[in-house]
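Come along as I look things up.

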Amino acid sequence: MPELRTDRLLLRRWRESDLEPWAAMNADPEVREHLGELLTREQSDATVAVMQTEFDDRGFGWWALEARETGEFIGRVGLDEVDAAMPFAGVDIGWRLMRSAWGHGYATEAALACLAFGFEALGLPEVVASTTVNNLRSQEVMRRIGMNRDPADDFEDPSVPEGPLRQCVLCRAPAETLTAYTTRRDTFRTTVYR
């Protein structure tokens, strides 16, 4: 599993010590506001096992996100294959941070590192991202990393019951996005370690 480093962040393999703060995030109603039901500790731990296996099998997936200055676990970020039930295909980028890490630009910085990895190391032609129509915070991150939204691509998530989480927006970033954001990405100097 490669590690990615930016000026402030380390995107790394999951550790046993991440399980407790990850479970706390998954039990936090504000963190889960646009994701659905809260997870039990057992459910939360199981997600880590799945993420690790998928990363090992595919060579990409969800990294644990650490603040380099403090060594503190602050969330997850990464790339994932879009579920076959969705009305679109490809590789999806996403992030989830602890509330204490909100508002510091960490999601943008980590997402730019993931885009660089996806386009440069994996050779992806495009990366997509989706979220609920009411998740304006995530939509803003998508915009900041150079993704574009076409309202014609918006969709209803078939895995979600009727309600406010079903209606979603879809954003896209073609590989050319990285070239357009080279100056910004250089601000966060990404290094890939294998």
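**Entry 1: ground rules.** Before naming any strand, I noted that helices (H or I, at least four residues) and strands (E, at least two) are DSSP runs, numbered from the N terminus. I also reminded myself that this is a predicted model.

**Entry 2: starting from Glu-66.** I began with Glu-66, which I found in strand β3. Is Glu-66 buried or exposed? I looked up its relative accessible area, which is 9%, so I wrote down "buried". I then asked which residues Glu-66 is in contact with, leaving aside its neighbours within four places in sequence. My list reads Arg-8, Leu-9, Leu-10, Arg-12, Arg-15, Gly-71, Glu-72, Phe-73 and Ile-74. With one of these, Arg-12, the side chain of Glu-66 makes a polar contact of 2.6 Å. I also found Glu-66 in a network of salt bridges, where it is linked with Arg-12, Arg-15 and Asp-18.

**Entry 3: from β3 to β4.** Next I followed strand β3 (residues 62-67) to its partner. β3 and β4 run antiparallel, and I noted six bridges joining them. Gly-71 and Phe-73 were both already on my contact list for Glu-66.

**Entry 4: β4 and its other partner.** How many bridges join β4 to β5? I wrote down seven, with the strands again antiparallel. In β5, Val-91 is the bridge partner of Glu-81. I then checked how enclosed β4 is: eight of its ten residues are buried, so the rest of the structure largely encloses this strand. Glu-81 itself counts as partly exposed, at 46% relative accessibility.

**Entry 5: helix α1.** I turned to α1 (residues 19-26) and asked how many of its eight residues are buried. Six are, so this helix is largely enclosed by the rest of the structure. I jotted down their names: Leu-19, Pro-21, Trp-22, Ala-23, Met-25 and Asn-26. What do these buried residues pack against? My answer is α2, β4 and β5 (91-97).

**Entry 6: salt bridges.** I searched the whole structure and counted 19 salt bridges. I picked out a few to look at one by one.

- I started with Arg-58 and Glu-81, whose closest N and O atoms are 3.8 Å apart. Arg-58 belongs to helix α2 (residues 41-58) and Glu-81 to strand β4 (residues 72-81), so this pair ties together parts that are 23 residues apart in sequence. Arg-58 is partly exposed, with a relative accessible area of 23%.
- I moved on to Glu-126 and Arg-172, whose side chains meet in a salt bridge at 3.1 Å, N to O. This pair links distant parts of the chain, 46 residues apart: Glu-126 is in strand β6 (residues 126-132) and Arg-172 in strand β9 (residues 167-174). For Glu-126 I noted a relative accessible area of 29%, which is partly exposed. Arg-172 is partly exposed too, at 24%.
- I finished with Arg-143 and Glu-140, a salt bridge of 2.4 Å, N to O. Why are they separated by about one helical turn? They sit three residues apart in helix α4 (residues 136-144), which accounts for that spacing. Arg-143 is partly exposed at 48% relative accessible area, and Glu-140 is partly exposed at 29%.

**Entry 7: cysteines.** How many disulfides are there, counting cysteine sulfur atoms within 2.5 Å of each other? My count came to zero. Cys-168 is in no disulfide, and its nearest cysteine sulfur, in Cys-171, is 11 Å away. I checked from the side of Cys-171 as well: its closest cysteine sulfur is that of Cys-168, and 11 Å is too far for a bond. Are these two cysteines buried or exposed? Cys-168 is buried, with a relative accessible area of 5%, and Cys-171 also counts as buried at 5% relative accessibility.

Methods. Residues numbered from 1 in each chain as written. Predicted model: local features only at pLDDT ≥ 70, side-chain atom pairs only at ≥ 80, totals over all residues. Heavy atoms only, no water. Salt bridge = Lys/Arg side-chain N within 4 Å of Asp/Glu carboxyl O. Buried < 20%, exposed > 50% of the residue type's maximum accessible area, 1.4 Å probe, protein only. Contact = heavy atoms within 4.5 Å. Pairing = 2+ DSSP bridges. Disulfide = S-S within 2.5 Å. Polar contact = N/O pair within 3.5 Å; in protein donor to acceptor, adjacent residues only side chain to side chain.
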